[in-house]
Amino acid sequence: MSTCITVELSPSNIEIFLNTVTTRDIVFAQDKFTGTGSQTTFATANKFKANSVLVFINGILVEKGAGKTYVEGGALQSVVFAAAPAGGSAPDEILVYYAIL
């Protein structure tokens with residue numbers, strides 16, 4: 001718990017607000033996968049908070065949601081791609097960042 005002091009100044013007034021702020025530690029994780037050309041579901045090492053996932057394919061942030069590049073798996077421990085990331089001699093590199101549940 002910490003205390004936040006806010007001071008607002010105007011030509012005729014000085015107001016001081018004192019607020020108590022409760023903080024909670026959030027731990028983030030990163031998993032790295034390699035595309036196979038056929039695999040569409042990739043399990044993360046940890047369960048994650050809903051809507052905390054960011055996915056990069058070959059360094060490019062991709063869109064999440066129905067009809068987009070991927071969705072979060074129902075058990076909050078996987079990402080499911082609409083189409084399998086490329087495999088073969090030039091496989092896609094997949095980085096998944098998320099807040100651990």
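**Entry 1**

I started at Val 53 and skipped its neighbours within four places in sequence: Val 53 is in contact with Phe 48, Tyr 70, Glu 72, Val 79, Val 96, Tyr 97 and Tyr 98. Contact here means heavy atoms within 4.5 Å.

Ground rules, before I go on. This is a predicted model, where local features need pLDDT of at least 70 and side-chain atom pairs count only at pLDDT 80 or more, while totals for chains, interfaces and linings use all residues. Residues are numbered from 1 along each chain as its sequence is written, and side-chain values use heavy atoms, with hydrogens and water left out.

Next I looked up the largest nonpolar core, which has 14 residues. Such a core is a set of buried Ala, Val, Leu, Ile, Met, Phe, Trp, Tyr and Cys residues joined through side-chain atoms within 4.5 Å. For burial I use relative accessible area: buried is under 20%, exposed is over 50%, and partly exposed is in between (1.4 Å probe, protein chains only). Val 53 is among the residues with the most contacts inside the core, along with Val 55, Tyr 70, Val 79, Phe 81, Ile 94 and Val 96. Strand 3, strand 5 (54-57), strand 8 (78-81) and strand 9 each supply at least two residues of this core. The largest share is three residues, from strand 9. Strands are DSSP runs (E, at least two residues), numbered from the N terminus.

**Entry 2: Val 80 and the sheet around strand 8**

I moved on to Val 80, which sits in strand 8. Val 80 is partly exposed, at a relative accessible area of 27%. Leaving out residues up to four places away in sequence, I find Val 80 touching Thr 40, Thr 41, Thr 69, Tyr 70, Val 71 and Gly 73. I also checked Val 80 against Phe 42: they are 38 residues apart in sequence, and 6.5 Å apart in space, C-alpha to C-alpha.

Which strands does strand 8 pair with? Strand 4 (residues 41-43) pairs with strand 8 in the antiparallel sense over three bridges, and strand 7 (residues 70-72) pairs with strand 8, antiparallel, over three bridges. Two strands pair if DSSP finds at least two bridges between them.

The three strands form an open sheet in the order 4-8-7, with antiparallel pairing. Strand 4 and strand 7 are the edge strands, each pairing on one side only. Neighbouring strands of this sheet are turned by 20° against each other on average, direction ignored; the axes behind that angle are lines fitted to C-alpha atoms. I noted the hairpin of strand 7 and strand 8 too: five residues lie between them, and Leu 76 in the turn has a positive phi of about 55°.

**Entry 3: aromatic pairs**

I searched the whole structure and got five aromatic pairs. Rings of Phe, Tyr and Trp (its six-membered ring) pair if their centres lie within 6.5 Å; planes under 30 degrees apart count as stacked, over 60 as edge-to-face, and the rest as tilted. Phe 33 and Phe 42 make a tilted pair, 5.2 Å centre to centre with 50° between the planes. Phe 33 is buried at 15% relative accessible area, and Phe 42 is buried at 2%. The rings of Phe 56 and Tyr 97 have their centres 5.7 Å apart and their planes at 90°, so I logged that pair as edge-to-face. It links distant parts of the chain, with Phe 56 in strand 5 and Tyr 97 in strand 9, 41 residues apart. Phe 56 is partly exposed at 21%, and Tyr 97 is partly exposed at 31%. I also have one aromatic cluster formed by Phe 33, Phe 42, Tyr 70 and Phe 81.

**Entry 4: salt bridges**

How many salt bridges does the structure hold? I count three, taking a salt bridge as a side-chain nitrogen of Lys or Arg within 4 Å of a carboxyl oxygen of Asp or Glu. Glu 93 forms one with Lys 32, with the closest N and O atoms 3.3 Å apart. Glu 93 lies in strand 9 (residues 93-99) and Lys 32 in strand 3 (residues 28-34), so this pair ties together parts that are 61 residues apart in sequence. Glu 93 is partly exposed at 34%, whereas Lys 32 is exposed at 55%.

Glu 72 bridges to Lys 64, closest N and O atoms 3.3 Å apart. I have Glu 72 as buried at 17% relative accessibility and Lys 64 as partly exposed at 32%. Lys 68 bridges to Glu 63, closest N and O atoms 3.6 Å apart, and Lys 68 is partly exposed at 38%.

Methods
Helix = DSSP H or I, 4+ residues; strand = E, 2+ residues; numbered from the N terminus. Axes fitted to C-alpha atoms, helices over the stretch in contact; angles between N-to-C directions.
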